[in-house]
Each structure stands twice: as C-alpha cells, then as structure tokens.
Amino acid sequence: MKNCKLTFAALIISLLVIAIMTYKFIISGETVLASDGRQALLLEPAERDLVLGEMRLFLQTVQQITQGVTDNNLDQVVSAAKQVGAAAQQVVPGSLIKKLPLDFKKLGFDTHSKFDQLALDAEQFGDTQVVLEQLSGLMTNCVACHEIYRIDAAPMSEK
Ligand code: HEC
C-alpha cells in the first residue's frame, strides 16, 4: 500500500513537471511588459539578429511581390514568395524557441505557410489580383504581431 502511494506521488510529480515544462517551453515563452504596452521578447544579440534578419527578408519579399504584380511578372511573384515559405524557414535554436510565446510561433508559422499558398496559387491561377488579395491578407499577420510584440535585450545577469 505504501509503495502504491509512493508510485502515485511520483506519477503526480512527473505529470506536474511535464505540465510546467510544456507551459514554459511551448506556451508562455519569456516576455515582459514593455514601456509601450507591448510584450517584449528578451533576446540575446544573436537571437535578435536571427529574428530581424528573417523580418528584413519578409519586407524584401513583399517588395518583390508587389513589383512582380506591377510588372505582371508571375515568375518573380512565385520565386519571391517561395524564399520565405515553410520549406525555406531557418532552423531556430531550441534556446530561442523556448523564449517565444505560442501565439508568436503560430503567427510566424502561419505567415510562412500563407506565402507558400500565395506561391502555389500564383503558379496555378496566374492572377495578379488574387496575389494582391492574398498579400494583403497575410500582411494582417505582420501588423498583428508587431502590435503585440517587440524585442528587447536580455538582462546581463541571465548570461
Ligand atoms: C510572429 C511575429 C511577427 C510576424 C508575423 C512578423 N513580424 Fe516583423 N517583427 C517582429 C518583431 C517582434 C520585430 C521587432 C520589433 C521591435 O522590436 O520593435 C519585427 C521587426 C520587423 C522589421 C524590422 C527589421 C529590422 O532589421 O529592424 C521588419 C522590416 C519587419 N518586422 C517586417 C515584417 C513583415 C513585412 C512581416 C510580414 C510579412 C512581418 N514582419 C511579420 C515580429 C513579427
């Protein structure tokens, strides 16, 4: 009977640990409330460089897509969108993933897959009006994420 109780206690503790780890690594991320009311991700310089590098690629892609629409050049639209599709996504180190809240990861992932969808539809339908509609739609993700999050430097003491 005593053994049974011990096993039960061990099970509960293990489940608690798993729950806490899941919360910490997958759901909550590491953010603090910033001076402008947004959630600040606290990143090391290399992590910030990685995220911002990806952002500048997003911006470049948006420019290339609109240029492709203006020139009625669907090949350019497709290749631009593909460069930020899910397959082209950079490998994100676990230490960074753990700092990113679930909503941030979802919005990021959704943005990559919407670029994939845009590329696919541009290839299939060749309709620049559809491209613009999809671009406008996916850019609500850019706006939404920037409204909620920003990046601040991780405190020195954490190193
Ligand atoms: C999952 C969240 C998220 C999504 C989606 C997102 N961004 Fe960002 N982006 C950020 C954060 C956080 C920053 C840092 C902002 C800050 O610190 O004020 C940023 C910064 C940027 C920057 C500044 C880069 C630099 O070098 O300073 C650009 C440009 C940018 N984003 C473009 C885009 C575009 C275009 C899209 C959509 C196609 C997009 N982002 C989608 C989170 C996101």
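Is lysine 98 buried, partly exposed or exposed, and what is its relative accessible area? I looked it up: lysine 98 is partly exposed, with a relative accessible area of 25%. Buried means under 20% relative accessible area, exposed means over 50%, and partly exposed lies in between (1.4 Å probe, protein chains only).

**Ground rules.** I noted that this is a predicted model, where local features need pLDDT of at least 70, side-chain atom pairs count only at pLDDT 80 or more, and totals for chains, interfaces and linings use all residues. Residues are numbered from 1 along each chain as its sequence is written, and side-chain values use heavy atoms, with hydrogens and water left out.

**Entry 1: salt bridges.** I searched the whole structure and found seven salt bridges. A salt bridge is a side-chain nitrogen of Lys or Arg within 4 Å of a carboxyl oxygen of Asp or Glu.

I started with lysine 98. Its partner is glutamate 30, and the closest N and O atoms are 3.2 Å apart. Glutamate 30 sits in the loop between α1 and β1 (31–33), and lysine 98 sits in the loop between α4 (94–97) and α5, so the pair ties together parts that are 68 residues apart in sequence. Glutamate 30 counts as buried, at 17% relative accessibility. Helices (H or I, at least four residues) and strands (E, at least two) are DSSP runs, numbered from the N terminus.

**Entry 2: aspartate 36.** Which side chain meets arginine 38 in a salt bridge? I found aspartate 36, at 3.0 Å, N to O. Arginine 38 is partly exposed at 23%. Aspartate 36 is also partly exposed, at 40% relative accessibility.

Next I checked arginine 150. Its side chain meets aspartate 36 in a salt bridge too, at 3.3 Å, N to O. This pair links distant parts of the chain: arginine 150 is in strand β3 (residues 149–153), aspartate 36 is in the loop between β1 and β2 (39–43), and they are 114 residues apart. Arginine 150 counts as partly exposed, at 21% relative accessibility. Salt bridges that share partners join Asp36, Arg38, Arg150 and Asp152 into one network.

**Entry 3: helix α2.** I compared helix α2 (residues 45–70) with helix α5 (residues 102–125). They pack at an angle of about 25°, with their axes 13 Å apart. That makes α2 roughly parallel to α5. Axes are lines fitted to C-alpha atoms, for helices over the stretch in contact, and angles run from 0 to 180 degrees between N-to-C directions. Angles under 35 degrees count as roughly parallel, and angles over 145 as roughly antiparallel.

Then I took α2 with helix α6 (residues 128–148). Here the angle is about 160° and the axes are 11 Å apart. The two helices are therefore roughly antiparallel to each other. The crossing of α2 and α5 is left-handed, and α2 passes α6 in a left-handed crossing as well. Left-handed means that the near helix is turned anticlockwise from the far one by less than a right angle.

I also looked up threonine 70, which lies in helix α2. Threonine 70 is exposed, with a relative accessible area of 62%. From glutamate 44, threonine 70 is 26 residues away in sequence and 39 Å away in space, C-alpha to C-alpha.

**Entry 4: isoleucine 12.** Isoleucine 12 lies in helix α1 (residues 2–28). Isoleucine 12 is partly exposed, with a relative accessible area of 37%.

Notes: Angles under 35 degrees count as roughly parallel, over 145 as roughly antiparallel, 65 to 115 as roughly perpendicular and the rest as oblique.
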